[in-house]
Amino acid sequence: MTGARWSVAVLVAVLLARVWSAIGGYDVVADVDPSRMGLPPGTAHWLGTDALGRDILSRLIRATDAFVLPGIGAASLAVLLGGLAGTLAGWLGGLPERAIAATAGLPATAPRFVLVLLLATIFEPSAAVLAIGCGLAFVPQVSAEVRARVAALRRRSFVQASLLHGLSVPQVLGRHILWTGCRHILARLALQAAGFFVVVETSLAYLGDLGVQEPLPSWGNMVASGLVDSRLHLVARLAPAVSLWLVLAAIAQLDAHLARSEAEGS
């Protein structure tokens, strides 16, 4: 299996876990059972149980609630706002380009993680607020890369020919520039924004106050529990960390594949 296929397989598995979490009806409170505290992996509990007797595999699956849909939301926001700003700036050029680029670059005045923390501190640190913060944090990069690509393609002969043959500007932008010339850029940066959200969410859950709180599971607070609770089996300690590593490695591998495809197509 190639690196890209492996990455897609991991990400599809995470999406399926999120679907299963939505329809499976796992109850984080009812799963508490001190009589099965710290059980090793077995047929009843494939990854064992934690210090409260809760099934580790079920909690790993339920923890996808914390980052899958919000991560997709962050990626969508970054691509929508950054892509729109970059497209307009690259196509219009001149003073409008400079004005749009300056506006789209405002979130870059603060480091990405600091921007997210600032929004989480001002507003309630919910999944929606984190998603908005992570999406806005990537708008400057999306805008800058799309703007440069659109500005380069705008001067190409096939674009001028399409306009002379009667295609409208939206048709040329959508079909010949955004789809043909920018889709790998947008997909790559969407992946990066989603990966950034996963890092932010698990980090805040690991640290405590601004992240997902017990009894709700996050891979971050599961890693934290594994570090401090000696009653946990080794598999129970490693499972959330390995899951997190697999997802981030898959995103990084697919990001690299898209960057190569982008370079080959340019």
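1. Asp-50 and Arg-59 are joined by a salt bridge between their side chains, with N and O 3.9 Å apart. The model is a predicted one. Asp-50 has a relative accessibility of 7% and therefore counts as buried. Arg-59, at 1% relative accessibility, counts as buried too.

2. Asp-50 also forms a salt bridge with Arg-54, where the closest N and O atoms are 2.8 Å apart. Arg-54 has 6% relative accessibility, so this residue counts as buried.

3. Arg-54 meets Glu-214 in a further salt bridge, at 3.2 Å from N to O. Glu-214 lies in the loop between H8 and helix H9 (219-228), and Arg-54 in the loop between H1 and helix H2 (56-62), so the pair ties together parts that are 160 residues apart in sequence. Glu-214, at 39% relative accessibility, counts as partly exposed.

4. Through shared partners, these salt bridges join Asp-50, Arg-54, Arg-59 and Glu-214 into one network. The structure holds 10 salt bridges.

5. A separate point concerns the largest pocket, which holds about 370 Å³ of space. It is lined by 18 residues, and those closest to its centre are Leu-11, Leu-15, Ile-72, Leu-191 and Ala-194. Helix H1 (3-24), helix H3 (68-92), helix H8 (169-207) and helix H10 (234-265) are the elements that each give two or more residues to the lining of this pocket.

6. The lining of the largest pocket is made up of 16 nonpolar and 2 polar residues, with no charged ones.

Conventions. Residues are numbered from 1 along each chain as its sequence is written. This is a predicted model: local features need pLDDT of at least 70, side-chain atom pairs count only at pLDDT 80 or more; totals for chains, interfaces and linings use all residues. Side-chain values use heavy atoms; hydrogens and water are left out. On a 1 Å grid over the protein atoms alone, a cavity is a set of points where a 1.4 Å probe fits but cannot get out, and a pocket is an open set with protein on both sides within 12 Å along at least five of seven lines; lining residues have an atom within 4 Å of a point. Grid points are joined across faces, edges and corners, and a volume is the space filled by probe spheres set on the points. Helices (H or I, at least four residues) and strands (E, at least two) are DSSP runs, numbered from the N terminus. Ala, Val, Leu, Ile, Met, Phe, Trp, Tyr, Cys and Pro count as nonpolar, Asp, Glu, Lys and Arg as charged, and the others, Gly among them, as polar. A salt bridge is a side-chain nitrogen of Lys or Arg within 4 Å of a carboxyl oxygen of Asp or Glu. Buried means under 20% relative accessible area, exposed over 50%, partly exposed in between (1.4 Å probe, protein chains only).
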